[in-house]
Amino acid sequence: MVTKKIVFSGVQPTGNLHLGNYLGALKNFVLLQKKMECIYCVVDLHAITIFQKPDILHENVLETTASFLATGLNPDKSIIFNQSSVSGHAELAWILNCVSRIGWLNRMTQFKDKAGSDKEKASVGLYIYPNLMAADILLYKATHVPVGADQKQHLELSRDIAQKFNKDFNCNNFFPLPEPLILKNISRIMSLRDGTKKMSKSEESDYSRINLKDTADEINKKIKKAKSDSDSIPGEIKLLENKPEALNLLSIYSELTKNSLEKIITEMAGKEYSFLKAKLTEALIDEITPVGKEIKKLLKDKSHLKKILKKGTEKANILAEENIKNIREKIGLI
Ligand code: AQP
C-alpha cells in the first residue's frame, strides 16, 4: 500500500522562540515544505499544560505564527494554524487517552523534567501531553514528524499508540506509523549557561539562550558570557567529551557555517575560545537578526496574522473532520 507522505509538526506558543527551535525544528520545516504536504501547528493546547497568563498566551500565539512566517513558511504551501481552533485535536486526544497505557506515560522523561520534584502538583494535562501529541499527528495521518531529539521518545509513544489502535480495532494500517525526522548534526542545542541542559524557552535566565528576536548587541553579550572552557580548542572531537558547553558552541558554529564539526575543529585547534566566540557572534547576527526583524515587522499587523491562522484552520478542519468521522466509525461511536 502506498501511503501519501504528510508532514506534521508543532511549536508551543510559550514565548521566546530560540536558536534551538530554529535549528532543531523551524529550518527543517521550511526545507520540507518544498518536498511534501506540510501541516504546521501553533500548539496552544500543549502550552496550557503549564499555566499561561491569558493575555500573554494570546500574544504568543501570534508571535509564534509570525516566527513561522519569518523563517520562511509559506501559508500558500503549508497549512499553518493554531491547535485549539480545530476541535478534532482534543476529541482524538480523549480517544487516545483510552488507548494509551499508564505504564507507557510513566516512562516519559520530559514529564519528569518538567514536573520537577513535586509531581503531585503538576497538571494532569502535563502528564498526558504525549497522548495529545499523538492525536495531533494521527488526526492528519501524518507520516513524518520533524522534531528536535528531545521529542524522540514522544514520537515513539505515538507509534505505539497508532499500532495499538490499529490492532484493537482490527484495522491494519489505518494509522500510518509516524516517523521522526531528526536532523543528525544539530538535533539538540544546549543552554549557553549549562551544556547538559537543552536550550529552552522556559529557562529563567535569558543568557541561557539566543532568542530569535535578539538584537545584534544582545547576541554579542550572550555569546561573550556563554560558558566555554579555560583550555584552548582541542584538535579532536573526542577531547570535547566532558566539555559540553565548548562542544555546543562549536556545533552551533558548524551548523551555521555548513561546515562539518571535524573541519571546524581542525581549523580552530589551539586557538582560544574568544576566537570562536567572535566568529560565532558574527554568524549568529547574520542568520538570526534578519529573522527577528521580520518577526517584529509581522507583529505590527496582527489582523493579517489572524487571517493566516483562520485560513489554515479552515484547511486543517476539512482534513480533520474526515478522519474523525472514520475514527468514530472504527470505534463504534454513533
Ligand atoms: N534546544 C533544542 N534543540 C533542538 N531542538 C529543540 N526544540 C526545542 N528546543 C530545542 C524543538 O523545537 C520544536 C518546538 O518545541 P516546543 O516549543 O514545542 O517545545 P519544547 O521542546 O518543550 O521547547 P522548549 O524551548 O523547551 O519550550 P518550553 O521551555 O516552553 O518547554 C520541537 O520540535 C523541539 O524538539
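Predicted model: local features only at pLDDT ≥ 70, side-chain atom pairs only at ≥ 80, totals over all residues.
Residues are numbered from 1 along each chain as its sequence is written, and side-chain values use heavy atoms, with hydrogens and water left out.

**Around the ligand**
- The ligand has 22 residues around it, and the closest are Lys114, Asp150, Ser200, Lys201 and Ser202 (near here means a heavy atom within 4 Å).
- Sorted by class, that shell has five nonpolar, twelve polar and five charged residues (Asp, Glu, Lys and Arg count as charged; Ala, Val, Leu, Ile, Met, Phe, Trp, Tyr, Cys and Pro as nonpolar; the others, Gly among them, as polar).
- Helix α1 gives the largest share of the shell, four residues (helices are DSSP runs of H or I with at least four residues, strands are runs of E with at least two, and both are numbered from the N terminus).

**Polar contacts** (N or O atoms within 3.5 Å)
- His18 has a polar side-chain atom 2.7 Å from an oxygen atom of the ligand.
- For Lys198, a polar side-chain atom lies 2.8 Å from a ligand oxygen atom.
- Ser200 also puts a polar side-chain atom 2.7 Å from an oxygen atom of the ligand.

**Aromatic pairs**
- You'll find nine aromatic pairs in the structure (Phe, Tyr or Trp rings, using the six-membered ring of Trp, with centres within 6.5 Å).
- Phe29 and Tyr40 are stacked, at 4.4 Å centre to centre with 10° between the planes (stacked means planes under 30 degrees apart).
- Phe29 lies in helix α1 and Tyr40 in strand β2 (residues 37–42), so this pair ties together parts eleven residues apart in sequence.

Key:
Polar contact = N/O pair within 3.5 Å; in protein donor to acceptor, adjacent residues only side chain to side chain. Phe/Tyr/Trp six-rings, centres within 6.5 Å; stacked < 30°, edge-to-face > 60°.
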